[in-house]
2 protein chains.
Amino acid sequence: MSWQNVLSENGYRVSGPRRYVMQLLESNAQPMTPLEIYQALSESGRPLGIVSVYRALELLAELGLVCMVYNPDGSAGYVAGAGGHHHHIVCQNCHRAIAFAGSEDLSSLIQRVEKETKFHVSDHLLQLYGICPDCQKALADAVEEN
Amino acid sequence: MSWQNVLSENGYRVSGPRRYVMQLLESNAQPMTPLEIYQALSESGRPLGIVSVYRALELLAELGLVCMVYNPDGSAGYVAGAGGHHHHIVCQNCHRAIAFAGSEDLSSLIQRVEKETKFHVSDHLLQLYGICPDCQKALADAVEEN
DNA sequence: GACCTTATTGATAACTTTTTTCATTAAGCT
DNA sequence: AGCTTAATGAAAAAAGTTATCAATAAGGTC
């Protein structure tokens, strides 16, 4: 189901600002802050209020169409989320974020922690940090030059 | 090694504000924002500038003595961190955060994702959300009463 | 224990980010 | 094309964070 449909079927309109934000995030793999989104859209000839960026992000996040990605330094940004349960792996060099699916791998860990802590676990946040293939190559080339 | 020693051995002084912040976080299992820390300390007769709270947290985080915990809603706070690599499980009811160790459980997942994405994974962020034992009991009791 | 050096603090102000308000605009239905 | 109302934009308010700098106090020395 397209994000346009998700909006419509939940009783929301497919407005300009929502379209701009969604399209931008879909075309950019790196997480963006509200301000960055606002600036990028303004510069590309889509003048819209920054307030609309905040509101669009709030709604899109609620509908699961975008999601937050946390950087190791504590800063965070939004990326287009494919919907459904997934996680992100973030490049520490170029900050690109790629989604990866599946959490069956976590079930044994969750069971162990439930036993240890007596918590009932119902959700989780998982992100991986590393170096993406392109940056691996770029960094290797840079070393060679020295 | 105590946090006092960590400060000293890294050339930092064990000052009032740093002590207040550290002691407060050690006595409070729920993550606190800089403002909450400032208010709690002020009310308990430890008047200090909020600027010092920010600075203390920045330093303590850098030294690994405290760490950030993210709530599912995107808000975040600091908790005393036992040092070393660990993760937190957060109660969705009372927000208490408990640390749990170990990440060997993640190695197979990490290997799978490395193969799938060609990233080199070097770090990760993991948090679990659920209901703590106390809140499980409290919530069960509340249901019985109806 | 008093003294000295300098890291650290606190108050103010500057700045950035986020939220609120409300009249105006436009999305989507008829 | 017209109507209804959700959604926007601009401005202002509020909240959160960072910078500046004189005053203070932590920790070493005598």
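Start with the open sheet of 6 strands, whose order is E4(A)-E3(A)-E5(A)-E5(B)-E3(B)-E4(B), with mixed pairing. Strands (E, at least two residues) and helices (H or I, at least four) are DSSP runs numbered from the N terminus, and two strands pair if DSSP finds at least two bridges between them. Strand E4 (97-101) of chain A and strand E4 (97-101) of chain B stand at the edges, each with a single partner strand, so one side of each has no neighbour in the sheet. From one strand to the next the twist averages 25 degrees.

This is a predicted model, in which local features need pLDDT of at least 70, side-chain atom pairs count only at pLDDT 80 or more, and totals for chains, interfaces and linings use all residues. Residues are numbered from 1 along each chain as its sequence is written, while chains are lettered from A and ligands numbered from 1 in the order in which they are written.

Select strand E3 (residues 86-91) of chain A with E4(A): the two pair in the antiparallel sense over 5 bridges. Within this pair, His88(A) has Ala99(A) as its bridge partner. Next select strand E5 (residues 120-131) of chain A and E5(B), which run antiparallel and are joined by 11 bridges. Here the bridge partner of Gln127(A) is Leu125(B).

**Where the chains meet**

Now show the contact between the chains, which takes 33 residues from chain B and 33 residues from chain A; residues are in contact if their C-beta atoms, placed from the backbone, lie within 7 Å. On the side of chain B that touches chain A, E5(B) gives the largest share, 12 residues. By class, that side has 19 nonpolar, 9 polar and 5 charged residues. Ala, Val, Leu, Ile, Met, Phe, Trp, Tyr, Cys and Pro count as nonpolar, Asp, Glu, Lys and Arg as charged, and the others, Gly among them, as polar.

**A hairpin in chain B**

Select strand E1 (residues 66-70) and E2 of chain B, which pair in the antiparallel sense over 5 bridges. Tyr70(B) stands opposite Ala76(B) in E2(B). The hairpin has 5 residues between the strands, and Gly74(B) takes a positive phi near 100 degrees. Strand E2 (residues 76-80) of chain B is largely enclosed by the rest of the structure, because 4 of its 5 residues are buried. A residue is buried if 20 or more other C-beta atoms lie within 10 Å of its own, exposed if 12 or fewer, and partly exposed in between, with C-beta atoms placed from the backbone.

**Two loops**

Most residues other than glycine have a negative phi. Select Lys118(A), in the loop between helix H5 (107-117) and E5 of chain A; its phi is positive, near 65 degrees. Then go to His95(B), in the loop between strand E3 (86-91) and E4 of chain B, where phi is positive at about 70 degrees. His95(B) counts as partly exposed because it has 17 C-beta neighbours inside 10 Å.

**DNA strand D**

Finish at DNA strand D, which 19 residues surround; the closest are Tyr12(A), Gly49(A), Ser52(A), Arg13(B) and Val14(B). A residue is near the strand if its C-beta atom, placed from the backbone, lies within 6 Å of it. H4(A) gives the most to this surface, with 4 residues. By class, the surface has 10 nonpolar, 5 polar and 4 charged residues.

Terms used. Axes are lines fitted to C-alpha atoms, for helices over the stretch in contact, and angles run from 0 to 180 degrees between N-to-C directions. Two residues are in contact if their C-beta atoms, placed from the backbone, lie within 7 Å.
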